[in-house]
Each structure stands twice: as structure tokens, then as C-alpha cells.
Amino acid sequence: MIASRRRRRRIRKRWIAAACCLLMVVPAVSYVRALLYPGNASFAVRTVEWFRDHGGGKLIDAIETWKYSHQQPPTTGAPIDTTGAGAAPITARPGGHPAVAGLPPVHPVPGVTRLPSEGSWSVARRSASGRPLLWTTWFRPDQGHLPVSAAAALLPRGTYRLKLMPGTREPVAGMPSPNGYSVPAADRSGLVATFNAGFKMHDSHGGWWTNRSAAVPLVDGRASIVIFRDGSAQVGAWNRTVRMTHDVIAVRQNLDQVVVDGRVVDGLTTNANGRWGSVRSQFQYTWRSGIGTDAHGNLMYVAGNKLTLVTLAEAMQQAGIVQGMELDIHAAMVSFDIEQPGPNGTVTGKRLLASMNSPTDRYLVDDQRDFFYVTAK
């Protein structure tokens, strides 16, 4: 009788041990698959996103908010980073007329004297005929933290074609893409720039659509960058200020707008109902990026480190954006490269800001995240 009980106990312990091993093996296999999944992404990014995808999102958000909210930049000192000197610097002064038509004036923060080259537009990329294809500038957006700098890249209306590409995991893991998950070889000879898209679709509260794939349903009211058949783009609120027409070929949504009609929207510091990300993420001092259009219809990308949501929106307004939305955040995600095509399909990239972390060929190889690229028209 006693021996029989002991046998049953041993058998029960073996089954419990086997079940525990099985419970450990399943997530281990899933994690290894995430580490080996195709597409460019660092070990840290793959690990964090695996935790997010397996119920750890709130914990990751809490850790990130604690970490970045306690990394407040110094109040005084030299700018953290600036754009490289380019050709033909043009200063567009507030209240005046820029020397080149269509360049918006970059407004300094109140009470701060403009530094040399600050707010001056420079040609960062020209066509073979000498036509400016991309202008850049840098400026300080945070009156309370003067070392913080932001950069803007402006694509003149009528000179560019914007295209939206999927990654291997976003907007949908394993989504078929006839052109792959990097800048197609056929477009590299005319490449002007590449840059990041928005949050992961699960966190964007919005959709992703092209005339080839309706990957994620579009959501009314969400901030949307809309790409038209001629390659031009417009930013607005879906089915309010922008909507589907026969000319639309792609739409990428991300949260709610942060700049509307040239004004920073109300409520950014409150972030009610998570309109701009997770709770208190608006207070994180981190890399942030945004996109919008100015009064002339030019497309503009703005990014910088140690920005809160408010200072990003204010930087976008300073640069002249009248309709704008946030794109992705954090060092591993914010990426803008000025591309210079060379012979035999080669491309040389240069970061908009030297302190950006992503490799300059990030979107020239398959990436896990969706992204935008620009070619000359």
C-alpha cells in the first residue's frame, strides 16, 4: 500500500516536471523565433517587442516612462547636435520673406538669440541639373533646455515622390510584398531620402493601406499621411480633412494630430484616452519624429533627441508645419537618411542628425518595420 502511494507520487512529480518543462519550452521556442525572424532589428529591439507581443506591454511602457522621464536634459549649454553644413544657406526670418520662395521661416523660441546657422535652410541634396531636392535646418525648440536641438528636412512640393513600404513584421508579420522590404533596386538611382514610419500598428490606434494591400483597416479621425498617385503627400484627420479618392495610393495612420492649422493641439500633456500613446509617455525625454506639410504644401520631417511630446509639436510648429502628426519615437526607431545614389546601384547615406543611432543603410536592406522613401520626380 505504502509502495503504491510512493509510486503514484513519483509519477505525479514526473508529470508536473514534464508540464513545467513544456511551459518553459514553448516561450523559449517563440523567443528564439523572434530573434531569428527575417528583417533588420537589434537584439534589444527584438527582445523588447517579444515581451510586448506576449503580454508585457504595460510593464515595458512603465519601465520606459520611468527611464526617459528621469533623463531630463540640462538647462544651459551648447546644442546637442546640428545638421551638417550644406550649400547655399538661406535664412528665412520670422515676419520677413525667405530668399528662396516656398521656404518657411523657422521661428526661434521666445527670448533666445539665434545662433549662427540656426534656422537657416541649406540644400542637402540636388538633382543632376542642380535643382534643390531636399533642404535641411536645425534649431532649438525647448526654451527650458537650450542644449536640445531638432532638425527639419523639407521636400519641396512638386519635386518628390513619396512611397510607403512594409517591413517583414509591420504592418502585418509575413505580409507579402512584391517589391520586398527595402528600397527596391529599380528606385535607388533616383533615391533622395529614407525615413521611419509610425508606431507598431497595435500601438498606433490606426490603419495601414495601399492600393496593393489593405493590411490594417483605416480608422476615422486618426492622423494620416496620405500619398497620392503623383507621389505628393498630405497630412490630416481621416474622413475629416483627408479621405479616400481615386488618386490615393497609400495611407499610414498614427495616433491623433499634434499640429492642426498651424497650432499645437490642446491636451498633449494630459494625453486623455491615450490619444498620443501610453499613459505618461508624453513626458518622456527621448528621440521623437514627426511629419507634416507647410503652408506651401511642402512635405517636412522633424526629429530630435530629448524631446517630450509637447516640444516635438512645438518644434514642428517652429519649422512651419501647419498640419502635422507624430511618427515613431526612441533611438532605435527614429531614422532619417539623406541618400546620394552612385554608380552601379550604390547608395551612400548621411544621417539628418549625426547622433541618430540607426545605420545609414537601414532601409537599403530588409527591415522589420514599415518605412517611407523618397525619389526625385
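Me: How many aromatic pairs does the structure hold?

Reply: A pair of aromatic rings is described by the distance of the centres and the angle of the planes. Rings of Phe, Tyr and Trp (its six-membered ring) pair if their centres lie within 6.5 Å; planes under 30 degrees apart are stacked, over 60 edge-to-face, and the rest tilted. The structure holds 6 aromatic pairs. This is a predicted model, in which local features need pLDDT of at least 70 and side-chain atom pairs count only at pLDDT 80 or more, while totals for chains, interfaces and linings use all residues. Residues are numbered from 1 along each chain as its sequence is written, and side-chain values use heavy atoms, with hydrogens and water left out.

Me: Why is the pair of Phe195 and Phe372 stacked?

Reply: The ring centres of Phe195 and Phe372 are 5.3 Å apart and their planes stand at 25°, so the pair is stacked. It links distant parts of the chain, with Phe195 in strand β6 (residues 191-196) and Phe372 in strand β18 (residues 371-376), 177 residues apart. Helices (H or I, at least four residues) and strands (E, at least two) are DSSP runs, numbered from the N terminus. Ring pairs also link Phe195, Tyr301, Phe336 and Phe372 into a cluster.

Me: Are Phe195 and Phe372 buried or exposed?

Reply: Buried means under 20% relative accessible area, exposed over 50%, and partly exposed in between (1.4 Å probe, protein chains only). Both Phe195 and Phe372 are buried. Another stacked pair is formed by Tyr363 and Phe371, at 4.4 Å centre to centre with 10° between the planes. Tyr363 has a relative accessible area of 1% and is therefore buried; Phe371, at 0%, is buried as well.

Me: Where is the lining of the largest pocket drawn from?

Reply: Rolling a probe the size of a water molecule over the atoms shows where empty space is left. On a 1 Å grid over the protein atoms alone, a pocket is an open set of points where a 1.4 Å probe fits, with protein on both sides within 12 Å along at least five of seven lines; lining residues have an atom within 4 Å of a point. About 890 Å³ of space lies in the largest pocket. Of its 33 lining residues, Val48, Arg52, Ile60, Glu64 and His330 are the closest to its centre. At least two lining residues each come from α2 (43-69), α3 (201-204) and β15 (321-329), and α2 supplies the largest share, 15 residues.

Key: Points joined across faces, edges and corners; volume = space filled by probe spheres on them.
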